[in-house]
Amino acid sequence: MKSLVYSIQHLLKRKLNIYPVSISDKTDLQKDLDMTDWEKAYLLNAVEQNWHIHISDNDAANIANLGQLMAIVRQQYLPPKN
């Protein structure tokens, strides 16, 4: 699997026309990327479709930065390491 940061950056470009110069796990969706609520919802939907996961409404409401989003993807998509 490609780097989550790279994959999410690609989704931002392809789905929302947002071209961040650099992003990290601390990148704030609203402050740093200037995303509106509908853009955040659209991104979360794209992430769900891309990784075949489900982000609950409660989890979605608590996602403020890319690190939190990537943690949910890792938790649901990646198999646990033994």
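Ser24 sits in the loop between α1 and α2, where helices (H or I, at least four residues) are DSSP runs numbered from the N terminus. With a relative accessibility of 33%, Ser24 counts as partly exposed; the scale used here calls a residue buried under 20% relative accessible area, exposed over 50%, and partly exposed in between (1.4 Å probe, protein chains only). Between the C-alpha atoms of Ser24 and Glu48, which are 24 residues apart along the chain, the separation is 20 Å.

Some ground rules before going on. This is a predicted model, in which local features need pLDDT of at least 70 and side-chain atom pairs count only at pLDDT 80 or more, while totals for chains, interfaces and linings use all residues. Residues are numbered from 1 along each chain as its sequence is written, and side-chain values use heavy atoms, leaving out hydrogens and water.

## Helix α1

α1 has 13 residues and spans 17 Å from its first C-alpha to its last, close to the expected 18 Å; that expectation is 1.5 Å times one less than the number of residues. Its buried residues are Leu4, Ser7, Ile8, Gln9, Leu11, Leu12 and Leu16. The cover over these buried residues includes α2 and α4.

In the loop between α1 and α2 lies Asn17. Asn17 has a phi near 60°, which is positive in a residue other than glycine. Most residues other than glycine have a negative phi. At 58% relative accessibility, Asn17 counts as exposed.

## Helix α2

α2 covers residues 37-51, and its 15 residues reach 21 Å from first C-alpha to last, close to the 21 Å expected. Buried in α2 are Glu39, Lys40, Leu43, Leu44, Ala46, Val47, Glu48 and Trp51. These buried residues pack against α1 (4-16), α3 (57-62) and α4 (66-77), with contact meaning heavy atoms within 4.5 Å.

Just after α2 comes His52, with a positive phi of about 55°. His52 belongs to the loop between α2 and α3, and at 70% relative accessibility it counts as exposed.

## How α1 meets α2

The axes of α1 and α2 are 10 Å apart, and the two helices pack at an angle of about 125°. That makes α1 oblique to α2. Axes here are lines fitted to C-alpha atoms, for helices over the stretch in contact, and angles run from 0 to 180 degrees between N-to-C directions. Angles under 35 degrees count as roughly parallel, over 145 as roughly antiparallel, 65 to 115 as roughly perpendicular, and the rest as oblique.

On the α1 side, Leu4, Ser7, Ile8, Leu11, Leu12, Lys15 and Leu16 meet Trp38, Glu39, Tyr42, Leu43, Ala46, Val47, Asn50 and Trp51 of α2. The residues of this contact of α1 with α2 divide into 11 nonpolar, 2 polar and 2 charged; Ala, Val, Leu, Ile, Met, Phe, Trp, Tyr, Cys and Pro count as nonpolar, Asp, Glu, Lys and Arg as charged, and the others, Gly among them, as polar.

## How α1 meets α4

How do α1 and α4 cross? Their axes come within 11 Å, at an angle of roughly 110°. α1 and α4 are therefore roughly perpendicular to each other. Leu4, Val5 and Ile8 of α1 make the contact with Leu66, Leu69, Met70, Val73 and Arg74 of α4. The residues of the contact of α1 with α4 divide into 7 nonpolar, no polar and 1 charged.
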